[in-house]
Structures are given as C-alpha cells and as structure tokens.
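Here's a quick walk through one model, written for someone who likes to know the cut-offs behind the words. Have a look at the sequence and the fold before reading on.

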Amino acid sequence: MAVVLLTIALVIVVALLVAASAGKLARMEGATYPTALTRAGAAFAAVLTLAATVAAALAAVFA
C-alpha cells in the first residue's frame, strides 16, 4: 500500500514539474498569462492521463 501511495505522489510531483515548465516556456515565448496557464493545465492533464494509461496497461498484464 505504501508503494502505491509513494508512486501516486511521485506522479503528481512530476506532473506539477512538467506543468510549471510548460507554463514557463509559454511565457518565454511571449504568451499571455491565460494562455500560459492553459498550456500548463494541458501538460498537467496529459501527464496524469499518460500515467493512468500506463497503470491500466500494467494492471491488465499483471492481473
């Protein structure tokens, strides 16, 4: 159980780092703050979706 919780925490931290990086890169390109937040949110959602997809695939293989 502890490994699952640590893995979830790690995925969330990685997703936050990716979102922050995407927002910073958008601002460096000259995007407005709403656009940068939108890109950061999309990156955050993409990382969580990818992690959920990989977890579902692994669960199907190991089940």
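Predicted model: local features only at pLDDT ≥ 70, side-chain atom pairs only at ≥ 80, totals over all residues.

## Starting at Pro34

Pro34 sits in helix 2, where a helix is a DSSP run of H or I with at least four residues, numbered from the N terminus. Pro34 counts as exposed, at 56% relative accessibility. For the burial words used here, buried is under 20% relative accessible area, exposed is over 50%, and partly exposed is in between, with a 1.4 Å probe and protein chains only.

Residues are numbered from 1 along each chain as its sequence is written, and side-chain values use heavy atoms, leaving out hydrogens and water.

## The two helices

Helix 1 runs over residues 2–28 and has 27 residues; its end-to-end C-alpha reach is 39 Å, close to the expected 39 Å. Helix 2 covers residues 33–62, which is 30 residues, and reaches 43 Å, close to the expected 44 Å. The expected span is 1.5 Å times one less than the number of residues.

What do the buried residues of helix 1 pack against? They pack against helix 2, and the buried residues of helix 2 pack against helix 1 in turn; contact here means heavy atoms within 4.5 Å. On the helix 1 side the buried residues are Ala15, Ala19, Gly23 and Ala26. On the helix 2 side they are Ala36, Ala40, Ala43 and Val47.

Other positions show more surface. Val13, in helix 1, is partly exposed at 45% relative accessibility. Val54, in helix 2, is partly exposed at 42%. Val54 and Val3 are 51 residues apart in sequence, yet 16 Å apart in space, C-alpha to C-alpha.

Just after helix 1, Gly30 adopts a positive phi of about 100°.

Side chains of opposite charge can pair when their charged atoms come close. The salt bridge rule asks for a side-chain nitrogen of Lys or Arg within 4 Å of a carboxyl oxygen of Asp or Glu, and the count comes to one. That pair is Arg39 with Glu29, whose closest N and O atoms are 3.0 Å apart. It links distant parts of the chain: Arg39 is in helix 2 and Glu29 is in the loop between helix 1 and helix 2, ten residues apart. Arg39 is partly exposed, with a relative accessible area of 38%, whereas Glu29 is exposed at 63%.

## The largest pocket

The largest pocket has a volume of about 190 Å³. A pocket is found on a 1 Å grid over the protein atoms alone, as an open set of points where a 1.4 Å probe fits, with protein on both sides within 12 Å along at least five of seven lines; lining residues have an atom within 4 Å of a point. Grid points are joined across faces, edges and corners, and the volume is the space filled by probe spheres set on them.

Which residues line the largest pocket? They are Val3, Val4, Thr7, Ile8, Val11, Ile12, Leu48, Ala51 and Ala55. Helix 1 gives the most, with six residues. The lining divides into eight nonpolar, one polar and no charged residues, where Ala, Val, Leu, Ile, Met, Phe, Trp, Tyr, Cys and Pro count as nonpolar, Asp, Glu, Lys and Arg as charged, and the others, Gly among them, as polar.
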